[in-house]
Amino acid sequence: MSSSTPSVEEVIKKIREDIEKSMKEAESIVKSAQQSFQQLTKLSEELKKLSEELSKPPKTSTPTTTPPR
């Protein structure tokens, strides 16, 4: 007698497989997010340094008059 309805054990096995697959996908997403965060942190630091460099008066060999800020 074959039934088209899966047994409780089959349903539980399928749920476990789906959960494991979802957990692996979540781990991959977390790793990617951590890498992106690290890249953004580095870029932010570089932008801060560039901003500081740009805010400094230019270095020239001849004296120039700079407008008051």
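The secondary structure of the chain consists of 1 helix and 0 strands, where helices (H or I, at least four residues) and strands (E, at least two) are DSSP runs numbered from the N terminus. The model is predicted, so local features need pLDDT of at least 70 and side-chain atom pairs count only at pLDDT 80 or more, whereas totals for chains, interfaces and linings use all residues. Residues are numbered from 1 along each chain as its sequence is written, and side-chain values use heavy atoms, with hydrogens and water left out.

Of the 69 residues of the chain, 0% count as buried (buried, under 20% relative accessible area; exposed, over 50%; partly exposed, in between; 1.4 Å probe, protein chains only). The accessible surface of the chain is about 7,300 Å², and carbon and sulfur atoms account for 59% of this area (Shrake-Rupley method, 1.4 Å probe; for residues, only the protein chains shown count as cover).

The structure contains 2 salt bridges, a salt bridge being a side-chain nitrogen of Lys or Arg within 4 Å of a carboxyl oxygen of Asp or Glu. In one of them, D18 pairs with K14, with the closest N and O atoms 3.0 Å apart. D18 and K14 are separated by about one helical turn because they lie 4 residues apart in helix α1. D18 is partly exposed, at 35% relative accessible area, and K14 is partly exposed at 46%. A salt bridge also links E53 to K56, the closest N and O atoms being 3.2 Å apart. K56 is partly exposed, with 46% relative accessibility.

V11 is located in helix α1, which spans residues 8-55, and is partly exposed at 36% relative accessibility.
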